[in-house]
Amino acid sequence: MAKQQIMSKYRFKLYITGSSRRSRHAVDNVEWICKSLTDPHEYELQVIDVLQDPRQAEADNIIATPTLLKTEPQPAQRIIGDMADREGVKARLVYNEA
Amino acid sequence: MAARNDQDASYQDLLHTIISGLSDGILVVDTGGRVLFLNEAAAGLLGRSREQLLGREFGYPLVGKEPSQISIVQPDGIERVVEMRASAPTHWQDADAFLVTLCDVTRQLQISERLRRIEKMFDHTAEGIIVTDEEHRILEVNEAFTIITGYVPEEVIGKTPSFLKSGQHSPVFFRAVFNELEKTGSWTGEIMNRRRNGEVYPQWSTISVVRDEDGYITNYVMNLSDMTVLKHAEDELWHLAHSDHLTGLPNRNLFYDRLGQMLLNARRNRNKTAVLYIDLNEFKDISEGLSYDIGDHVLKEVAGRINGCLRSNDTLARVGGDEFAVAAGGERTGLDATALAVRIMEAIEQPVRYNGIEAFLKASIGISLYPDDADEPRTLIRNAHLAVYEAKKREGGSYHFYNQIMHVETEEKFLLNSMMHKAVMNEEFEFHLQPIMELAGEGLKLAGGEALIRWHHAERGYISPERFIPVAESTGIIKRITAWMLEQACSMLQDFRDGGRDGLYISVNVSAQDILQGDFVAGVAARLQRYSILPGRLQLEITERVIMEDSQTIRRRLEDLRALGVKLAIDDFGTGYSSLSYLKTLAVDKLKIDHSFVRDLPQDRSDLAVCRAIASLAHSLDLTVVAEGVESRAIEEMLASLACEEVQGFLYGKPLPAAEF
């Protein structure tokens, strides 16, 4: 389909806080979303714990977690929330995509 | 129009006041997630100032039907959990925007997590738990309660726990419980309760009062554990510990009790009581020279014959391998006791026939009298025992009265005491150690040693501790002797450590008098520090007799010693009678089974039963078991099969001078 023709690669950063149940659920949700968006080798997901890596969180202006950043393809996006509304998140990510 | 504008302006002021005063955070973000507006509470929750946040990218607030939990790490490093809700896009100053509300749920989550943990504990602990309201109506019970009592929650909720009553306690008992609860906030003790199936069982309970902030009682919490198993062991041990398996006669322990009772009666009626200590002279030759079988037969026969000489109110007991004791009450004078002793000697001297063998026996009898020689059982028996030694000095069967040696005794005691004073000053005592072995899964391992005192007097030669320690205890010089022993033990432990044998421990015997000294615990602590010794390497042994006195001071001292880290063992266990529920509350680590129960293993079935009962009891109380008097591999194997942890005895070596240990 359109996506495959463009062959653009997704890059995500997911910011979480510690290894709480909340964090684990957010990671599960985002992995599900990524897999349903595209093939496994077509996306890159980096999970960052703000407690482990506060500098990177600061550099990315993270105010609260879970925050999901889409850096590629443009336009960049930032979604905040528990990511439990998987379809909603997915719809938001492809929104604005040409 | 101006008025309308004024009205609008004041209305906006009002809204502003309300919004900035809200405790929940309010944010307005545009469709790109950028912050357009926020109130003070939102800035506080996000850990930054409003100025820092305005215009910054918060993120597209993707929230479904349920609010979304988000985490914020505040500048002080503390994580707060916030519940985020977002409205569908609305208008904000002519653009699409979301209204986001933030509510701090950190504390709420902490409480519910704690409740979940408590609930788990409540459901899974092995102790039964009952929670009632202030009027004792049951609010909750746990699974263990159902397992112990047989009642399911639906049957008991809303009722008071009185359906558990066995009827074995008086109203006075329960009043005392409630008085204690009122006064101290908790009560601990044993209650007999009734299960759903009607069975009455002993229960170890702790009841605690829960009060609200104003001090009013809101709940009672009762923890209960079933002591049935422990009680069975206790009853069995009582029986084993009080009767002699072979002859069916009372043993030494029960003899003490019975004699105590007889003395009470004698005191009331102003009567005399005689104690006869009977020793069979040639018994060892018979049982070891011929066979154990005939030995057993002889003992049963002799028991019957002595019994035939007694009146119904007299008590006969087997107090040792070939030793019997008689307590004869009534109006007997010294002369009557003589007649009884002669009758018993004659009865015993008749040959015993067994499988075609004839055994000839003679008896030596020591006699002590109440109230002439002593007024309490222990001393009376000890005196009769001492008199036996005198009787034995003569050929053949003979009897001897204690009062004939009493005079000599007192003089002897006086002399011994002054000799001991000199011995302490001149360091005549020697410090010996008897090895204590660990019965580990794979063979034996040296675990430590029991400190024993030896005394070679320049003129009188070797003097046995059994001879001088009782005198030292009665004159108080024991305190100086114990202090010396402790000093030696600590110095030895230091040598062990320096010599790379720092796993070994030393056990030192202490008397009630030692423990009762006000500075005893401080003295032990000071020595441990001076020699830099791990407290766990020092063990103190107190006899069961001292424990049985149930002195509050001794109990406290034991707790203090344990708090230091020093190990505590009960010595001569089995010879007295310690209540289990009492033992359970004492700060001790080990039970040492008295050698009298060990040396005749594995043949003596009653001793075996006692050892087995003590071992299972000790293990159920998490205590380690040490057996004394191990003289053969057969005994050792038997003890290993009882999961006895440590052993000591001649099999592993006689006590050695410290330097050779």
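This is a predicted model: local features need pLDDT of at least 70, side-chain atom pairs count only at pLDDT 80 or more; totals for chains, interfaces and linings use all residues.
In helix α9 of chain B, the buried residues are B:F255, B:Y256, B:L259, B:M262, B:L263 and B:A266. Around the axis they cover an arc of only 135 degrees, so they sit on the same side of α9(B). On the other side of α9(B), B:L264 and B:R268 are exposed.

A check on the geometry of the helix. α9(B) runs over residues 252–269, which is 18 residues. At 1.5 Å a residue it should span 26 Å, and its end C-alpha atoms are 25 Å apart, so the two values agree. Just after α9(B), B:R270 takes a positive phi of about 55 degrees.

What covers the buried residues of this helix? In chain B, the cover includes the strands β13 (273–280), β14 (315–320), β15 (323–328) and β18 (363–370), and also α13 (377–392).

As background, nonpolar side chains in soluble globular proteins tend to be buried together. The largest nonpolar core here has 76 residues, and B:A489, B:I614 and B:V625 touch the most other members. Helix α16 of chain B, residues 478–498, gives the largest share of this core, with nine residues. Domain 3 (235–401) and domain 4 (411–660) of chain B each contribute at least three residues to this core. Apart from it lies another core, of 51 residues, and B:F255 and B:A266 are among its members, as are B:I348 and B:L380.

Leaving out residues up to four places away in sequence, B:V625 touches B:L591, B:I593, B:I614, B:A615, B:A618, B:C644 and B:E645.

Next, chain A. Its secondary structure comes to four helices and four strands, and along the sequence the pattern reads α-β-α-β-α-β-β-α. Chain A has 98 residues, of which 31% are buried. Take the contacts in chain A between residues at least 6 apart in sequence: 64% of these join residues at least 24 apart.

Last, the interface. How many residues of chain A are in contact with chain B? There are 22, and they meet 20 residues of chain B. On the side of chain A that touches chain B, β4 (77–80) and α4 (86–94) each supply at least two residues. The largest share of that side, four residues, comes from β4(A). By type, the residues on that side of chain A divide into nine nonpolar, eight polar and five charged.

Conventions
Residues are numbered from 1 along each chain as its sequence is written. Chains are lettered from A and ligands numbered from 1 in the order in which they are written. The expected span of a helix is 1.5 Å times one less than its number of residues. A residue is buried if 20 or more other C-beta atoms lie within 10 Å of its own, exposed if 12 or fewer, and partly exposed in between; C-beta atoms are placed from the backbone. The arc is that of the directions from the helix axis to the C-beta atoms. Two residues are in contact if their C-beta atoms, placed from the backbone, lie within 7 Å. A nonpolar core is a set of buried Ala, Val, Leu, Ile, Met, Phe, Trp, Tyr and Cys residues joined through C-beta atoms within 7 Å. Domain bounds come from an automatic or database domain assignment. Ala, Val, Leu, Ile, Met, Phe, Trp, Tyr, Cys and Pro count as nonpolar, Asp, Glu, Lys and Arg as charged, and the others, Gly among them, as polar.
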